[in-house]
Amino acid sequence: MADMTTNRSASRRQTLQRGASAALSGLLSGYTALAVAELVASFVRPQAGPVTAVGGAAIDRTPAAVKDFAIRHFGTNDKLVLQLGIVATLGLLAVLLGLFALRRRRTGAAGVLGFGVLGAAAALSRPDASGVADALPSLVGAVAGAVVLYVLIGRLTRPRPGSERAVGLDRRGFLLAAGATALLSTGAGALGRSLTGRLGQGAVASRKAVRLPAPASPAAAVPARASLRVPGISAFTTSNSDFYRVDTALVVPKVDADGWRLRLHGKGVTRPRTYSYQELLSRDLIERDVTLTCVSNEVGGPYVGNARWLGVRLADLLREVGVRPPSRGGPADQLVARSVDGMTLGSPVEDVMDGRDAMLAVGMNGEPLPFEHGFPVRMLVPGLYGYVSACKWIEDIELTTFAAYDPYWVKRKWAPRGPIKTQARIDTPKPFARPPADTTVMVAGVAWAQHRGISGVEIRIDDGPWQRADLAEQDTVDTWRQWSFPWKATSGSHTLTVRATDGAGQLQTDRRAQTIPDGASGWHSVFVTPG
Ligand SMILES: Nc1nc2c(c(=O)[nH]1)N[C@H]1C(S)=C(S)[C@@H](COP(=O)(O)O)O[C@H]1N2
Ligand SMILES: [Mo]
C-alpha cells in the first residue's frame, strides 16, 4: 500500500517534470527563433525582425481609438508596452507549443514554422520592406526554433538508458541540450544586436560631421520677457531631450546623410528633381521659432513643444520646380511627404506657399536634427498639427490632390486637414496640488494658436468671473505664449480654468471634443485644495 503511494507520487512528479521541461523547451524554441531572427535581420534590415515587423503591422492596424488610448496612457512608452506585449504573447504561445509537442513532436515543430510564416508575412507587408529578403529573419529564426523544439522534446521522450520503460526522462541529456541552446541563442542574439548597432554607425558619423551653416535669415533673439520666472512653468524653448516624440517607428530610422536624397515630383512639377543633404545646406537657410503640436494631444496634454528650427524655405523649392498654389491655378492642392519608413503625411499646398515659414528643417535648437526628430531632414508647417505637416526622415515630396490620395492617418479616419486649434494649458499648480492657503499662488502656463498668435488669456476660479492673466511677451505668432495669474488662494477645494483668445480675437471654444478626428478642444481645468 505504502509502496503504491510512493510509486504514484513518483510518477506524478515525473509527469510534472516532463511538463515543465516541455514548457521550457517551448520557451527555448521561441527564444532561439527570436535570437536567430535578430542575427539574420542584422544582415537584411533591422526593421525586418519579427517583433518589429509584427509590432509595426499591429500599429498600422490598431483602430485609431486604441492607438489614441495607448499614446495617452503610455505616452512615448507606448512602443515599449507594445513590444513587451508581443514578446509576452509569443512566450505564452511557445509554452503551449512545447506542451503540445510532448504528444506530437512533428506537429509542434511545424507550429513554430507556422509562426515564422506569419512573421515573414508581416515583414513583407511593411511599407518600407526592401524586398523578399525581409522574410528571411522570421523564416530562418523559425527553422532554428523548430529544430530546437524537435530535439529538446526528443530528449524528453527518448528511452532512458537502462530503464525498462519505453519512454522516460533523460534528465541529464535534456539539461545539457537546453543549456547549450540557451547559450548559443544568447550568443546569436548578442551578435545580431552588435551588428545592428554597427549598421547605424555610418549615420551617427554623418550626423557628427555636420556643420550647420549660419542662417541667411536668422531668428531674432527670443525676447527676455517671453519667459516668465514662475517655478513649474514649461521652459519657453523646449530642449531637444525634453521634446515630445510621436511616431509609428519601432526602430528609429538611422539615415546616413551622405547617401540621403530628397525627390520632389508630381502634379504641376514642371522640373522634377532630387536634392542631396549638402545641396540643401548650401542654400539660404531660415531660422525660426515654431511650436509643434500633436493632434493626439488632449486638453492639458504634454504633446506640444517649442524649438528653434533651421531649414530651407519649402515654398522656394516648390516655386523653383514650377509648383503654383491652387489660388494661382496650380493643379495640386495636396503635398504628400513620404519618409524612409513609409509614413505619408499630406499638407495643403496653399498653406505651404501662403508666405508662412514652412520649411525642410535640418537643425533643431542649434544642433543637426536628433535621430528621434527626423535626421537628416524633416518638414514643418507652422499652424498645422504634426500629422499633416511634420514628416520626419523625409525622402520624397509628391504634389497631388486631396481627392486622389489619402495619406496614412487619413486612411485611419483622421481629418485630411489639420489646422491647430487654440489651446491654453495650466502648467502650475499641478492637479490635486495643496499649496498653502491664504498666500498668493502663481497660476501659470502656456497658450498656443500657431500662425494666429495669442492675444489674451483668462482665468476663472470655480464659477467666478473670468479674470485677465498677465501675458509674457509674444515671440512670434508661430510660437506658444506664456501667461501667469497671481491667485489669492483660499482654503478648500477649487477648480482653476483657463481659456485663450487667438491673435484674430477668436475666443477658444469651450466645446469639448476628443482628439479624433481633428484635435481636442475645450478648456483646461485643474482641481486644487489649498490648506
Ligand atoms: N516619419 C514620420 N514622421 C512623422 C510621424 C511619424 O509617425 N512618422 N508622426 C507625425 C506626428 S503625428 C507628429 S505630432 C510629429 C511629432 O514630431 P516629434 O516626434 O519630433 O515631436 O511628427 C510627425 N512626423
Ligand atoms: Mo501627431
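## Trp393 and its backbone

Trp393 sits in the loop between E9 and strand E10 (394-400); strands here are DSSP runs of at least two residues and helices (H or I) are runs of at least four, numbered from the N terminus. Phi of Trp393 is near 50 degrees, a positive value in a residue other than glycine. Most residues other than glycine have a negative phi, and most peptide bonds are trans.

A quick word on the model: it is predicted, local features need pLDDT of at least 70, side-chain atom pairs count only at pLDDT 80 or more, and totals for chains, interfaces and linings use all residues. Residues are numbered from 1 along each chain as its sequence is written, chains are lettered from A and ligands numbered from 1 in the order in which they are written, and side-chain values use heavy atoms, with hydrogens and water left out.

## Two cis prolines

Phe375 and Pro376 are joined by a cis peptide bond, with omega about 5 degrees. You'll find Pro376 in the loop between strand E8 (367-368) and strand E9 (378-380).

Thr428 and Pro429 are also linked by a cis peptide bond, and omega there is about 0 degrees. Pro429 belongs to the loop between strand E11 (423-428) and strand E12 (439-448).

## Around ligand 1

Ligand 1 has 20 residues around it (a heavy atom within 4 Å). The closest are Tyr244, His373, Arg378, Ala390 and Lys392. Sorted by class, this shell has 11 nonpolar, 4 polar and 5 charged residues; Ala, Val, Leu, Ile, Met, Phe, Trp, Tyr, Cys and Pro count as nonpolar, Asp, Glu, Lys and Arg as charged, and the others, Gly among them, as polar.

Now for some polar contacts (N or O atoms within 3.5 Å). One oxygen atom of ligand 1 is 2.7 Å from a polar backbone atom of Tyr244. A nitrogen atom of ligand 1 lies 3.2 Å from a polar side-chain atom of Ser339. For His373, a side-chain N or O atom is 2.6 Å from an oxygen atom of ligand 1. Taken alone, ligand 1 exposes 530 Å², and the protein buries 99% of that (Shrake-Rupley method, 1.4 Å probe).

## Salt bridges

The structure holds 23 salt bridges (a side-chain nitrogen of Lys or Arg within 4 Å of a carboxyl oxygen of Asp or Glu). One of them pairs Asp247 with Lys79, whose closest N and O atoms are 3.1 Å apart. Asp247 lies in the loop between helix H8 (201-208) and strand E1 (261-266) and Lys79 in helix H4 (residues 78-103), so this pair ties together parts 168 residues apart in sequence.

Notes
Polar contact = N/O pair within 3.5 Å; in protein donor to acceptor, adjacent residues only side chain to side chain.
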